[in-house]
Amino acid sequence: MAQTTEAPVAPPPRADERVGRKSPLARLLARPEAGAIAGAIIIYIFFFIIAPPFRNASSFSSVLYVTSTYGLMATPVALLMIGGEFDLSAGVAVTSSALCASLFSYEFTTNAWVGVLVALVLSLAIGFINGWIVVKTGIPSFLVTLGMFFMLQGINIALTQTITNQVSSPDISTLQGFNSARQVFSASWTVGGVNIRTSVIWWIVFVIIATWILLRTRIGNWIFSVGGNAQAARAVGVPVGKVKIGLFMAVGFMAWFTGMHTLFLFNTIQSGQGIGNEFVYIIAAVVGGCLLTGGYGSAVGAAIGALIFGMVNQGIVYAGWNPDWFQFFVGALLLGAILLNTYIRRRAEASI
Amino acid sequence: MSTPQESPQAGRHRAGQDAPAAAGNGNGNGRGNGGGAPLVKLINAGKRYGAVIALHDINLEVGAHEVTCVLGDNGAGKSTLIKIIAGLHQPSSGVYEVEGTPVHFSSPREALERGIATVYQDLAVVALMPVWRNFFLGNEVRKGFRMDIGAMKKMCKDELLAMGIDLRDVDQPIGTLSGGERQCVAISRAVHFGAKVLILDEPTAALGVKQSGVVLKYIIQARERGLGVIFITHNPHHAYPVGDRFLLLNRGASIGNFEKSQITRDELTGLMAGGAELEQLSHELESEGGSMAAAAHELEAEVSDLGLSQPSASTDPEAR
C-alpha cells in the first residue's frame with residue numbers, strides 16, 4: 001500500500017487511534033460484488049463442462065435474455081434493499097402492470113400506448129402506496145408489501161376473470177400502436193447469427209444508470225445513508241421518507257417496464273403470472289452482495305446475481321435435466337451465496 | 001493524570017476577548033449578529049408527550065464564543081431539549097429564538113439552514129459509508145447533476161487535517177475509526193458547513209480519558225472560531241473546564257442555571273451528583289437501623305467527600 005506522502009503534521013502522534021491498512025486483496029474481497037463474481041465464474045465453468053450446448057454463443061444470448069428478465073427487476077430491488085427496505089409485491093406488480101395496460105387499451109379500444117401510460121401511473125402509484133405506508137407508519141416493509149402482494153395477486157386474477165371470463169388478458173396485437181410499443185419494449189434482432197433482445201440492452205442501460213446514481217450522485221449517497229442509519233441521515237437533513245418512497249416507486253417503474261416487455265413479447269398475459277418472482281429478485285440482490293439490513297450493496301452485484309440465475313435456469317435446460325431442479329438450485333445458491341458473503345466479509349474485516 | 005498535549009482550557013481565559021479574531025468565520029449568510037442577541041435562546045420552553053411532561057420552563061441561551069453546558073442524569077430531559085433545539089421536535093410551550101427572532105422549526109434541515117448543527121453521540125454517522133461520504137452527507141458538492149467526488153475527498157481530508165485528524169484514506173468506512181475520531185469528524189463537518197451553533201450530545205460519554213480530551217479540545221477550538229456550543233453531558237469534570245454557562249436539569253426541570261463565575265467545580269459536581277438527595281437517602285437509611293445504618297454512614301462520608309476527592313476521568317488537572 002502506498003504511504004501518504006504528506007509530512008506528518010502538527011498534531012501529536014496518536015497511533016493508537018489509527019486504523020491499520022487493508023491489503024489490496026482484502027479491498028477487492030470487501031467489495032459487495034466479490035462473492036457474486038466468484039459464484040458466477042464457478043457456475044459458468046460448471047455448465048460449460050457438463051452441458052456442451054451451453055458453450056454456443058447463441059445459447060449464451062438466451063442466457064442473457066433470461067437474465068435480463070430477472071435483472072430488470074433485481075436492479076431497483078437491490079437499490080431498495082440498500083435503502084433498507086423490501087418489496088415482496090414486486091413479482092406480481094409486474095403482472096398487474098401488464099394486465100392493466102392490456103385490459104385498459106383492449107376494453108376501451110385505445111391506442112396501445114394509452115394503456116402503457118395508464119399502467120405506468122398504476123405502477124408508480126403502487127410503489128408510492130407501499131413506500132408511503134412504510135414511511136408514515138414505520139411498519140416493516142416486509143409486512144406492508146406482503147399485504148400488497150396478496151392484494152395484487154387477488155385483484156390480478158379476480159379482475160381479469162370478471163372482465164374477460166378467462167384467466168389471461170386478450171390478445172392486443174391488433175391494436176394501434178402495438179408495433180411501435182413492441183419495438184421499444186420487446187424487439188429483437190439478429191447480429192452475426194446471435195439473437196439479441198432489447199430487454200438485454202435495456203437491462204444493461206438500467207444497471208449502468210443505477211450504478212451511476214448510487215456512486216456518483218447525491219441521491220446515491222442518500223440511499224446508502226437511509227439504509228445504513230436512517231436516524232443519522234435524518235439528523236443531517238437527508239429527506240429519509242422521500243428517498244424511501246422514491247425507491248419503492250423505482251421498483252414500481254421497473255415493474256411497469258418489465259410488465260410491458262412481457263406483454264408486448266407475448267401479446268397476452270396470464271393473470272396468475274409473477275408469483276414467486278419477488279424472491280428471485282431479492283435473492284439476486286442478496287447473492288450480489290446486498291445486506292438484508294440495508295446500507296450495503298451494489299447494482300452491479302445484483303446484475304451478476306441475476307446472471308447466475310439466468311445461467312442456472314438455462315444451464316439446466318441445456319444439460320438436459322428436469323427443470324424442476326431449478327428451484328433446488330435457487331435455494332442452494334442463496335444459501336451458498338450468503339455463507340460465502342458472510343465468510344468473505346468476515347475475512348475482509350478481520351484483515352483490516 | 002495524562003493530559004493531551006494541548007490542554008483543553010488553553011483558550012479559556014481568552015474567551016470573550018478575542019471575539020473579533022474569528023467572528024463570522026464560517027457563516028455564509030450574513031445575518032446580523034452584531035446586535036448581540038444570543039444565537040440560540042429558549043424562554044420558558046416546555047415539551048409534553050401526551051400526558052407526560054418531558055420538560056418544563058427551561059431557559060437556555062448561548063452566544064457566539066460561548067459554551068453552554070447542559071448537565072443532567074439519565075432521564076433528566078437532556079435529549080428532549082436537544083431535539084427541540086435541533087428542530088426534531090417543537091416545544092409545546094415557551095419561545096425558541098434564534099438570533100433574536102422567534103422560530104418554529106419543522107425539521108432538522110430548517111435548523112441547519114439557520115446554522116444550528118447537532119452532533120449526536122451514537123447516531124452521528126453511517127458506519128458502513130466511507131468517511132468522505134459521511135462528511136458531505138446531506139451537503140454534497142455537485143457539479144451539475146453528479147457529485148464532485150474528487151473535490152469532496154480533498155476538502156474532507158483537508159478539513160480533518162485542520163482538526164488534527166490525519167486520515168490515510170478518507171475512503172475507509174467511518175465505522176473503522178475510533179469513537180473520538182468519529183465525533184471529531186462529525187464536529188469538523190458541522191464547522192465546515194458553517195454552523196453557528198453546535199449541539200453536542202454526550203460527545204464524551206462513550207470515550208476513554210484520552211479521546212475525551214481530544215473532543216474537549218475541539219470544543220474549545222470551535223468556540224475559538226466563533227461558534228456557540230451547547231455541550232450536553234452528565235460529567236461535570238468534562239463540562240466545567242470548557243463551559244461558560246451551566247444549565248442543570250433534573251426530571252425535566254431546571255435545577256440551576258449558572259455563569260461560570262457563579263459556581264465552582266465542586267459545587268457543580270455536588271449538584272450533579274444530587275448531593276442533597278444522597279444526604280436525604282442517608283437519613284432515611286439511618287432511621288432503619290442495623291446494617292442500613294452502616295450503609296448510611298458510608299453514604300454520608302461520600303456526600304461530604306463529593307467533589308473534593310472524587311476520582312474522575314477528567315482531562316482537567318487544575319481548573320478552579
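**Reading strands, helices and contacts**

Modeller: Let us start with one pair: Val98(B) has Thr101(B), in strand 5 of chain B, as its bridge partner. This is a predicted model, in which local features need pLDDT of at least 70, side-chain atom pairs count only at pLDDT 80 or more, and totals for chains, interfaces and linings use all residues. Residues are numbered from 1 along each chain as its sequence is written, while chains are lettered from A and ligands numbered from 1 in the order in which they are written.

Colleague: Which strands pair over two bridges in the antiparallel sense?

Modeller: Strands are DSSP runs of E, at least two residues, and helices are runs of H or I, at least four, numbered from the N terminus. Two strands pair if DSSP finds at least two bridges between them. Here, strand 4 (residues 93-98) and strand 5 of chain B pair in the antiparallel sense over two bridges. Glu97(B) has Pro102(B) in strand 5 of chain B as its bridge partner. In the hairpin of these strands, two residues lie between them, and Glu99(B) takes a positive phi near 50°.

Colleague: How many bridges join strand 1 of chain B to strand 4 of chain B?

Modeller: Five bridges join strand 1 (residues 40-49) to strand 4 of chain B, and the two run antiparallel.

Colleague: In what order do the four strands of the open sheet in chain B stand?

Modeller: The order is 2-1-4-5, with antiparallel pairing. Strand 2 (52-62) and strand 5 (101-102) of chain B each have a single partner strand, so one side of each is left without a neighbour in the sheet.

Colleague: Now helices. Which residues in helix 7 of chain A are buried?

Modeller: The general idea first: an α-helix has 3.6 residues a turn, so residues three or four places apart point the same way. A residue is buried with 20 or more other C-beta atoms (placed from the backbone) within 10 Å of its own, exposed with 12 or fewer, and partly exposed in between. In helix 7 (residues 178-186) of chain A, Phe178(A), Ala181(A), Arg182(A) and Phe185(A) are buried. They span an arc of only 105° around the axis (taken from the directions from axis to C-beta atoms), which puts them on the same side of helix 7 of chain A. Asn179(A) and Gln183(A), on the other side, are exposed. The cover over the buried residues includes helix 5, helix 8 (198-216) and helix 11 (240-266) of chain A.

Colleague: And Gly138(A): buried or exposed?

Modeller: Gly138(A) is exposed, because 7 other C-beta atoms lie within 10 Å. Its place is the loop between helix 5 (112-137) and helix 6 (141-164) of chain A.

Colleague: At what angle do helix 4 and helix 12 of chain A pack?

Modeller: Helix 4 (residues 90-107) and helix 12 (residues 277-287) of chain A pack at about 125°, with axes 5 Å apart. Axes are lines fitted to C-alpha atoms over the stretch in contact, and angles run from 0 to 180 degrees between N-to-C directions. Under 35 degrees counts as roughly parallel, over 145 as roughly antiparallel, 65 to 115 as roughly perpendicular and the rest as oblique; therefore helix 4 and helix 12 of chain A are oblique to each other. Ala90(A), Gly91(A) and Val94(A) of helix 4 meet Asn277(A), Glu278(A) and Tyr281(A) of helix 12, where contact means C-beta atoms, placed from the backbone, within 7 Å.

Technical notes. Contact = placed C-beta atoms within 7 Å.
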